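Me: I am new to this structure and would like to understand how its descriptions are reached. Please set each value against its definition as we go.

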Amino acid sequence: MTSTRTLYGIREFELTEAECAEAVAIATEAAERHGDCNSPDFLDSIPTYTRRMPGRLTGFMDDLRHDDHAVAAVIRGGWHDGLDGIRTPADWREARAAKAGQVQDFLVALYGAMLGEVFSWHGQQEGSLVHDLMPTFADRGEQLGSGSETALLWHTEDAFHPCRADFVLLYSVRAKEDATSTLAWLHEGALGAETVAALKESKYVFKPDTSYTDYDTFDNRPVPLLSGDADVPHLRADSVYYEPPEGERERAALASLFTALEGSVVEVRMFSGDTLVLNNRRVVHGRSEFEAKYDGTDRWVKRVNVAHSLDRSRAYRCCADSRIVHLAPREDHEPGSPECDRTRFRTPAS
Ligand SMILES: O=C(O)CCC(=O)C(=O)O
Ligand SMILES: [Fe+2]
């Protein structure tokens, strides 16, 4: 594919203007028909939209989905009329209430669905499929997506949880020059055999971050940080939300892991309309600090989580049809019953 090139394991895809217009038109049609990307009737009809997405992009996503050597991908060329006209909302609640960037909600949900099964977390942004990330004054110094004054340090998305995403998509509604995305991963031979062996043992404990309203329901147990092939190791790690292990061997292994990752950080510059796709089993990510003005012109990212399959999270969802994952196992509810998680997003039309 001539428009695809690989840079340090990060793949790039450039949409043509026509392809971008096609994808935006499909997202616009879905937004007009369903209103909210959480509505069950949209979620149930996702394939009818993804099937019509530009063929070259479909080919790229199909390939990416199975390519564990690719730690991330950037889909460029996504700027379109209308992006500049939307003001950055003050926070995710305002974004949801005002349906700000609604077409882009559908667009990133459809991009995500081209790679697997989109899902949401019950405790994050009220269970919404697409998260809005923008700086808020109260969180300016926090290690959260809503921070800005300090760099967001590297992490696997939702490292602590067994149902964490296989892919995370970060769509830049409004990019800013001073905010760069940071990526790091384990290069071949970066860790010695003894370190690898220690990191494969179930000895490491994470701390769920407080952006989940249900974070205290999680049964936190020691887990391994590394798994899989020596060539393409699968990694789960977080440089902030973890408890230092007690054993000397585990502490040394963790220190080696941190050194290897910190030595491999690459910066990626995003532009408005670009999508960063993270292979969440291979790469850790973060973001630089940046200036926030809180005046409607700030950086704004939409995020969606994607799993290869929904099977892994079945016990954490209330029915097979729900895409809302709880941090603790969830009792079953009849689909469509008042207790079913799908019910709360049902619009009168669905
Ligand atoms: O703002 C970004 O680019 C990334 C945010 C992020 O990684 C997070 O909130 O977990
Ligand atoms: Fe993240």
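Me: How do you know at what angle the axes of helix 1 and helix 6 cross, and within what distance do they come?

Reply: In this predicted model, the axes of helix 1 and helix 6, the latter spanning residues 102-113, come within 8 Å and cross at roughly 115°.

Me: Why are helix 1 and helix 6 called roughly perpendicular to each other?

Reply: Angles of 65 to 115 degrees count as roughly perpendicular, and the axes cross at roughly 115°; helix 1 and helix 6 are therefore described as roughly perpendicular to each other. Their crossing is right-handed.

Me: What makes the contact between helix 1 and helix 6, and which residues belong to it?

Reply: Helix 1 contributes Ala 23, Val 24, Ile 26, Ala 27, Thr 28, Ala 30 and Ala 31, while helix 6 contributes Gln 102, Val 103, Phe 106, Leu 107 and Leu 110. By class, the residues of this contact comprise 10 nonpolar, 2 polar and no charged.

Me: Why is Ala 21 called partly exposed?

Reply: Ala 21, which lies in helix 1 (residues 17-34), has 14 C-beta neighbours inside 10 Å. A residue needs 20 or more to be buried and 12 or fewer to be exposed, so Ala 21 counts as partly exposed.

Me: What surrounds ligand 1?

Reply: The surrounding residues are Leu 133, Gly 145, Leu 152, Glu 157, Leu 170, Ser 181, His 285, Arg 287 and Val 301, and this shell has 4 nonpolar, 3 polar and 2 charged residues.

Technical notes:
Residues are numbered from 1 along each chain as its sequence is written. Chains are lettered from A and ligands numbered from 1 in the order in which they are written. This is a predicted model: local features need pLDDT of at least 70, side-chain atom pairs count only at pLDDT 80 or more; totals for chains, interfaces and linings use all residues. Helices (H or I, at least four residues) and strands (E, at least two) are DSSP runs, numbered from the N terminus. Axes are lines fitted to C-alpha atoms, for helices over the stretch in contact, and angles run from 0 to 180 degrees between N-to-C directions. Angles under 35 degrees count as roughly parallel, over 145 as roughly antiparallel, 65 to 115 as roughly perpendicular and the rest as oblique. A crossing is left-handed if the near helix is turned anticlockwise from the far one by less than a right angle, and right-handed if clockwise. Two residues are in contact if their C-beta atoms, placed from the backbone, lie within 7 Å. Ala, Val, Leu, Ile, Met, Phe, Trp, Tyr, Cys and Pro count as nonpolar, Asp, Glu, Lys and Arg as charged, and the others, Gly among them, as polar. A residue is near a molecule or strand if its C-beta atom, placed from the backbone, lies within 6 Å of it.
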